[in-house]
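Okay, everyone, thanks for coming.

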Amino acid sequence: MTDTPLESIPVHLVTGFLGSGKSTLIRGLIDQKPADETWAILINEFGQVGIDQAMFESREDLVVKGLPGGCLCCQLAFVLQATLVNLLHRHRPDRLIVEPSGLGHPAGLLDVLRGEAFHGILDVRDIIVVLDPGRLDEPRVREHETFRDQLAMADAVVLTKTDLASSGQVEAAHRHAADHWPARKWILEAPNGQLPISRLLQSEGHAAMAEVPLASDAHDRLRVAAESERVVRLDDDALSRPERGQPMHETATALGYTTLGWRWHPDTRFDLDRLTGVLDRLSPELRVKGVLKTDAGWKLYNRGDGAARLEPSVWRLDSRLEVIGETGSLPDPAALQAELAACTE
């Protein structure tokens, strides 16, 4: 590492509710990345086991860091700052993309990024919120305070999964996204998560916080809860490894949602047919994602809105699974763990 001063680095926040397609959108942007730029991707997850970073392939021009287990600006505030300092000085990226948790609040995250520690170093650009039109049909999502605040703070809106929505749902999403003050700079549809990279490269500075009207006090309550619980999880480098035959189970609850997560030793191998049978039987209301070693190779399982996608994965660290849903709607953890154990070889 040299002592050369860092130039101002563009920072892009890609927010959105659980299962809205944030990671898919970022992957699409990476596919369009200028060849002469090195990007850093910082991913925060509501769950404890950290799966979303497994969706990204490691490359010389791409640094991906995951911070599971809470809100970046609450439970993980000091970890975030330390991680950013390390990322910026060690890798010297040309651009930073931050993906907060689907239940994370961007308000405090902006405080960190715009704080004294990063003054003159980070240049926060337009905040992009990812909106799945189909979720507007769900009152519990549409009325969720974090969902409303994410949209209230956004400079721009990307409508994802429009290929899976009806024309009426897409039109309603356009109206909903436009019905905010200050007016959004742009609202675009991105079927299959494909957004023109020009929207990222040509973005401007985010509006001042004082001008952004929040819909709730969700962030303040998250911060108070974090300070009282003192729950802090570090990134993957600090996680203990599960032993053979002894999966590690994690759970967390916040803002009316609960997550169940498991990690298995990398030698554990699942029968893919039996595994998908178990996962497919879970309530379609649950968000399910995992990266798992199977008899058909390492697979990424991603289910949202009842539709599951299975694709190859380059991840090899360990097998991971996470189930997220409204508190009280999840299956019994012990029973589900037993079913999953029956799928191993």
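Before I name any pairs, here's the cut-off: I call it a salt bridge when a side-chain nitrogen of Lys or Arg sits within 4 Å of a carboxyl oxygen of Asp or Glu. And keep in mind that this is a predicted model.

Let me start with glutamate 143 and arginine 142. Their closest N and O atoms are 4.0 Å apart, and the pair goes down as a salt bridge. As for exposure, glutamate 143 counts as exposed, at 52% relative accessibility, while arginine 142 is partly exposed at 28%.

Now for lysine 185 and aspartate 126. Their side chains form a salt bridge with an N to O distance of 2.6 Å. Where do these two lie? Lysine 185 is in the loop between α6 (167-178) and β8 (186-190), and aspartate 126 is in the loop between β5 (122-124) and β6 (128-131), so this pair ties together parts that are 59 residues apart in sequence. Is aspartate 126 buried or exposed? It's buried, with a relative accessibility of 6%. Lysine 185, on the other hand, is partly exposed, at 41%.

Next up, arginine 269 and glutamate 345. This salt bridge has its closest N and O atoms 2.5 Å apart. It also links distant parts of the chain: arginine 269 is in the loop between β10 (257-264) and α9 (272-280), glutamate 345 is in the segment after α10 (333-341), and 76 residues separate them. Arginine 269 is partly exposed at 38%, and glutamate 345 is exposed at 52%.

There's a network too: Arg135, Glu138, Arg140, Glu285 and Glu326 are joined into one by salt bridges that share partners.

Okay, switching to strands. Take β12, residues 297-304: 7 of its 8 residues are buried. Which strands does β12 pair with? On one hand there's β11, residues 287-294, antiparallel to β12 over 7 bridges. Those two make a hairpin, with 2 residues between them. On the other there's β13, residues 307-312, also antiparallel to β12, joined by 6 bridges.

Lysine 289 stands opposite asparagine 302, and in β13 the bridge partner of asparagine 302 is arginine 309.

That's my tour, thanks!

Methods
Residues numbered from 1 in each chain as written. Predicted model: local features only at pLDDT ≥ 70, side-chain atom pairs only at ≥ 80, totals over all residues. Heavy atoms only, no water. Helix = DSSP H or I, 4+ residues; strand = E, 2+ residues; numbered from the N terminus. Buried < 20%, exposed > 50% of the residue type's maximum accessible area, 1.4 Å probe, protein only. Pairing = 2+ DSSP bridges.
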